[in-house]
Amino acid sequence: MLRFIYVILGNLHRVWMIPKMEYYSRHPEKYSETFRYEYDRHCINIMKKRGRITTNAYGINNLPQNGGYIMFANHQGKYDALGIMYSHNSPCSIVMDADRSYIPLVKQFIDLVQGKRIKLDDLRQAAGIINEVSEEVKQGRKFIIFPAGGYEHRNGNYVDPFKPGCFKGAIKAKAPIVPVAIVNSWKVFDLWSLRRVVTQVFYLKPLFYDDYKDMKSNAISDLVYNRICAAVKCAEKGDFKSAVLK
């Protein structure tokens with residue numbers, strides 16, 4: 001939290017950027033998805049520099065070259081989506097817990113990329129959001145989903161269990177599933193420190209529809225979960241090359 005406060009205070013002279021983000025998000029007819037995404041990444045870069053945060057990405061060549069897909073990542077904290085977006089060159093959006101999505105700055109980041117707000121305690125609304133994601137992925141959009149549905153502040157790289165229902169959007173869209181392993185992202189805002197922090201994002205080999213079409217959502221969830229866990233373990237040992245092969 002100390003770093004978060006430091007970043008906010010260090011950027012008070014840029015407070016004018018918040019209404020600018022809101023304006024861009026309200027007028028998608030004037031500002032393209034690419035423009036809005038790049039502005040989000042510009043803001044992330046400013047935050048990274050002030051917060052002394054370095055994010056290294058591996059396995060970018062594993063990302064599908066054409067069409068939409070969904071990235072499923074482990075969840076560690078408030079920086080997770082920002083780390084992925086910073087390292088993901090093509091515009092992507094995010095599915096996020098509605099209760100956490102209206103925090104100042106978080107709201108602006110989500111709105112700029114037309115993110116989806118999901119109510120975890122409302123099954124009907126959640127199913128509707130999954131259907132929306134499925135249809136938009138069919139049209140070529142890319143999304144980030146955290147299938148754990150939340151995270152615990154435990155100061156570590158533990159991977160919380162995944163919710164199989166989160167994978168139904170990809171199944172309906174017959175879209176590629178890209179497992180993403182996040183490592184040391186928890187250190188950004190959970191450590192009471194301003195020391196330089198380095199996080200890693202690992203894009204693992206995708207599962208294409210033909211790879212999982214005969215599998216149930218439970219089996220798909222377990223497969224993705226186990227691959228991410230294996231990648232995290234490799235990364236903790238410093239074996240980044242093996243991590244992206246998982």
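Me: Thanks! What volume does the largest pocket have?

Reply: About 1200 Å³. A pocket here is an open set of points on a 1 Å grid over the protein atoms alone, where a 1.4 Å probe fits, with protein on both sides within 12 Å along at least five of seven lines. The volume is the space filled by probe spheres set on the points. Before we go on: this is a predicted model, where local features need pLDDT of at least 70, side-chain atom pairs count only at pLDDT 80 or more, and totals for chains, interfaces and linings use all residues. Residues are numbered from 1 along each chain as its sequence is written, and side-chain values use heavy atoms, with hydrogens and water left out.

Me: Good to know. How many residues line the largest pocket, and which lie nearest its centre?

Reply: The lining has 48 residues, and Ile-94, Met-96, Arg-100, Val-106 and Ile-110 lie nearest the centre. A lining residue has an atom within 4 Å of a point.

Me: And how does the lining divide into nonpolar, polar and charged?

Reply: There are 34 nonpolar, six polar and eight charged residues. Asp, Glu, Lys and Arg count as charged, Ala, Val, Leu, Ile, Met, Phe, Trp, Tyr, Cys and Pro as nonpolar, and the others, Gly among them, as polar.

Me: Switching to helices: at what angle do helix 3 and helix 4 pack?

Reply: At about 115°, with their axes 9 Å apart. The axes are lines fitted to C-alpha atoms over the stretch in contact, and angles run from 0 to 180 degrees between N-to-C directions. Residues making the contact include Tyr-37, Asp-40 and Arg-41 of helix 3 and Leu-82 and Met-85 of helix 4; contact means heavy atoms within 4.5 Å. Helices are DSSP runs (H or I, at least four residues), and strands are too (E, at least two).

Me: What about Phe-189, buried or exposed?

Reply: Phe-189 counts as buried because its relative accessibility is 9%. The cut-offs are under 20% for buried and over 50% for exposed, with partly exposed in between (1.4 Å probe, protein chains only). Phe-189 sits in helix 8, and Met-1, Arg-3 and Phe-4 are among its contacts beyond four places in sequence.

Me: Where is Lys-174?

Reply: In the loop between helix 7 and strand 6. Lys-174 has a positive phi near 55° without being a glycine, and at 53% relative accessibility it counts as exposed.
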